[in-house]
Amino acid sequence: MASLRDIRKRIRSVKSTQQITKAMKMVAAAKLRKAQDAILAARPYAQMLDLMISELVARSEAVAHPLLVSRPPKVAELVVLTSDRGLAGGFNSNVIRRASRFLFENAKTYEKVFLSTIGRKGHDYFKKRPVQLRKDFAGLFAKVSYRTAADLAQELSARYVAGELDAVFLVYNEFVSAITQTVSLVQLLPFQGPLGAPAKAGKAEPSPVDFKYEPARPEVLDRLLPQALAVKLYRALLESVASEQGARMSAMENATSNAAEMISNLTLFYNRTRQAVITKELMEIVSGAEALK
Amino acid sequence: MAKLSVEIVTPERRVLSVQAEEAVVPGYHGLFGVRPGHTPFLSLMEPGTLTLRDGGSSQSFFVSGGFAEVSRDKVLVLAESAEPISAIDVAAAKSRLEEAQKKLKGLAAEDARFEVETAAVKREAARIAAAGRR
């Protein structure tokens with residue numbers, strides 16, 4: 001049977017673990033709030049950009065843009081968005097599982113599927129597997145800014161336009177609420193955006209007069225589309241960060257309550273053991289005194 | 001007199017939403033001024049200085065490319081980034097410029113990163129120039 005000292009030691013260690021998980025939960029909650037604010041702050045820009053594009057598309061007849069052209073699918077790239085840190089419940093494994101499923105399902109559709117990873121966890125997983133790992137965008141989470149998303153988008157679209165890639169997909173955690181995250185897989189290129197629904201432009205009460213464009217429309221569209229792609233990526237990044245914090249928060253919450261349960265069980269066991277020891281000693285004393293009679 | 005309502009929005013936040021009498025925007029073909037009653041207009045923006053005047057006061061921002069839309073006395077500026085001229089950190093901009101130039105040297109024109117770094121060089125150079133004029 002475990003000695004009293006051993007049990008005491010156990011209780012102490014569980015208690016300190018609980019303190020750590022509690023602290024991690026608080027930190028995650030604070031970071032989650034910040035991440036949610038960032039998502040909200042990014043919304044006006046995305047909305048206005050969508051509006052601009054749909055207005056532009058509604059006014060021009062045929063839109064032909066290299067980012068809109070779909071080609072016979074040969075080479076695809078899947079961008080896997082995970083986090084740098086673990087201890088976030090199923091956050092990373094969900095994304096990784098979805099990515100693996102995509103690879104499995106599309107093994108026949110595409111001749112080749114490249115993988116790019118954002119976040120250390122995804123990279124650590126896939127570098128040990130037989131997949132074509134093209135690039136790891138490391139250290140991106142030190143500072144999530146629009147710039148990083150824009151650079152990434154530019155690189156992807158440059159490779160798409162150059163014909164190196166025929167499709168680009170992104171798998172990431174979508175932020176639903178602090179306790180719910182859903183893995184979502186979206187197609188980034190060929191571009192699918194507000195262009196699909198140009199009818200929506202009517203809602204924005206288009207000005208009766210046509211805009212003057214400087215330079216001409218195609219060039220403007222040329223700049224708007226990569227921008228929209230960058231905004232999409234940026235949003236995915238923000239959502240992923242928020243999801244990570246949300247997932248960590250609930251994982252740590254669970255860990256903390258598990259620790260509490262363990263402590264109460266251990267304390268009960270400790271008290272019982274202590275009682276048993278006392279009873280045993282008493283009996284020894286009594287029987288010793290009895291023997292002396 | 002009617003006033004323009006000017007809004008500057010970046011992907012990261014809404015920077016500014018004010019009334020002004022005149023806005024000078026770094027357009028695709030150089031600076032253009034907007035006053036109330038301007039024709040509907042959409043221009044690409046180059047990295048440069050955006051100035052707003054209202055009464056006797058004026059405020060300037062550095063914008064690093066994007067779009068400017070003018071319609072019905074509303075100026076909507078969608079900038080990749082925007083910051084008050086006075087808040088530019090010249091030393092940081094210089095180090096970013098040098099870094100981008102160094103990276104650019106090692107790249108071929110066909111490289112996917114080439115465009116990215118070229119844009120960075122242009123942006124940071126414009127930022128430093130804007131700071132020089134404050």
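Modeller: P190(A) sits in the loop between β5 (181–189) and β6 (212–214) of chain A; helices (DSSP runs of H or I, at least four residues) and strands (runs of E, at least two) are numbered from the N terminus. This is a predicted model, in which local features need pLDDT of at least 70 and side-chain atom pairs count only at pLDDT 80 or more, while totals for chains, interfaces and linings use all residues. Residues are numbered from 1 along each chain as its sequence is written, chains are lettered from A and ligands numbered from 1 in the order in which they are written, and side-chain values use heavy atoms, with hydrogens and water left out.

The peptide bond that leads from L189(A) into P190(A) is cis, and its omega is near -5°. L87(A) belongs to the loop between β1 (75–81) and α2 (91–105) of chain A. As background, most residues other than glycine have a negative phi, and most peptide bonds are trans.

Chain A is divided into domain 1 (4–24 + 254–292) and domain 2 (29–250), with bounds that come from an automatic or database domain assignment. The C-alpha centres of these two domains of chain A are 53 Å apart. Within chain A, the side chains of K135(A) and E155(A) form a salt bridge, at 3.4 Å from N to O; the term stands for a side-chain nitrogen of Lys or Arg within 4 Å of a carboxyl oxygen of Asp or Glu. K135(A) is in strand β3 (residues 132–137) of chain A and E155(A) is in helix α4 (residues 146–161) of chain A, so this pair ties together parts that are 20 residues apart in sequence. In general, side chains of opposite charge can pair when their charged atoms come close. Over all chains, the count is 27 salt bridges.

Chain B has two helices and eight strands, and its elements run β-β-β-β-β-β-β-β-α-α from the N terminus on. Its average pLDDT (the predictor's confidence in each residue, from 0 to 100) is 85, and 97% of its residues score at least 70. For the complex, the predictor gives an ipTM of 0.78 and a pTM of 0.82.

Where the chains meet, 33 residues of chain B are in contact with 32 residues of chain A, contact meaning heavy atoms within 4.5 Å. The two chains bury about 3,000 Å² between them, and carbon and sulfur atoms account for 63% of it; buried area is the accessible area (1.4 Å probe) that two parts lose on being put together, summed over both. P11(B), L42(B) and F67(B) together supply 21% of the area that chain B buries against chain A, more than any other three residues. Two salt bridges are found across the interface of chain B and chain A. In one salt bridge, R147(A) is joined to E80(B), with the closest N and O atoms 3.2 Å apart. On the side of chain B that touches chain A, the elements giving two or more residues are β1 (4–9), β5, β6, β7 (74–79) and α2 (112–132) of chain B. Of these, β5(B) gives the most, with six residues.

The domain assignment gives chain B a domain 1 (4–85) and a domain 2 (89–131), to whose contact domain 1 brings eight residues and domain 2 brings five residues. The C-alpha centres of the two domains of chain B lie 24 Å apart. About 580 Å² is buried between these domains, 61% of it from carbon and sulfur atoms. P47(B), F62(B) and I85(B) supply 56% of the area that domain 1 of chain B buries against domain 2 of chain B, more than any other three residues. Two salt bridges cross this domain interface of chain B. A salt bridge also joins the side chains of E46(B) and K122(B), at 2.9 Å from N to O. On the side of domain 1 that touches domain 2 of chain B, β5 (41–54) and β6 (57–71) of chain B are the elements that give two or more residues, and β5(B) has the largest share, three residues.
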